[in-house]
Amino acid sequence: MVVDGSAKLKINTEHLRNLSLRIGSFYQFIGELLIQPDNEAILQARVGRNVDGINLDLYCQSLQLLRQFQADHQ
């Protein structure tokens, strides 16, 4: 399970090899979001990596700029 503030998401990592998970570290996952019959969401991770060195403020700013650019160019 990953937690960001009050948001939580279960991650299925069974297909990931060579990824050592540590509590308190930051990770980035790419995969398919599966919605269960009880409306619980689980991310079926295909790719995962540790991103402990990332500047999270700068990353969030870049996401905002990307979303703004995409909205302006649709």
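1. Arg-49 lies in strand 4, which covers residues 41–50; strands here are DSSP runs of E with at least two residues, helices are runs of H or I with at least four, and both are numbered from the N terminus. The model is a predicted one, in which local features need pLDDT of at least 70 and side-chain atom pairs count only at pLDDT 80 or more, while totals for chains, interfaces and linings use all residues. Residues are numbered from 1 along each chain as its sequence is written, and side-chain values use heavy atoms, with hydrogens and water left out.

2. Arg-49 has a relative accessible area of 47% and is therefore partly exposed, a class between buried (under 20%) and exposed (over 50%), with a 1.4 Å probe and protein chains only.

3. Not counting residues up to four places away in sequence, Arg-49 touches Leu-19, Phe-26, Tyr-27 and Gln-28, where contact means heavy atoms within 4.5 Å. With the side chain of Gln-28, the Arg-49 side chain also makes a polar contact of 2.7 Å; such a contact is a pair of N or O atoms within 3.5 Å, and within protein one must be able to donate a hydrogen and the other to accept it, residues adjacent in sequence counting only if both atoms are side-chain atoms.

4. The open sheet is formed by 4 strands in the order 1-2-4-3, with mixed pairing, and two strands pair if DSSP finds at least two bridges between them. Its edge strands, each pairing on one side only, are strand 1 (2–4) and strand 3 (27–35). Strand 2 (residues 7–12) pairs with strand 4 in the parallel sense over 3 bridges, and Lys-10 has Ile-42 of strand 4 as its bridge partner.
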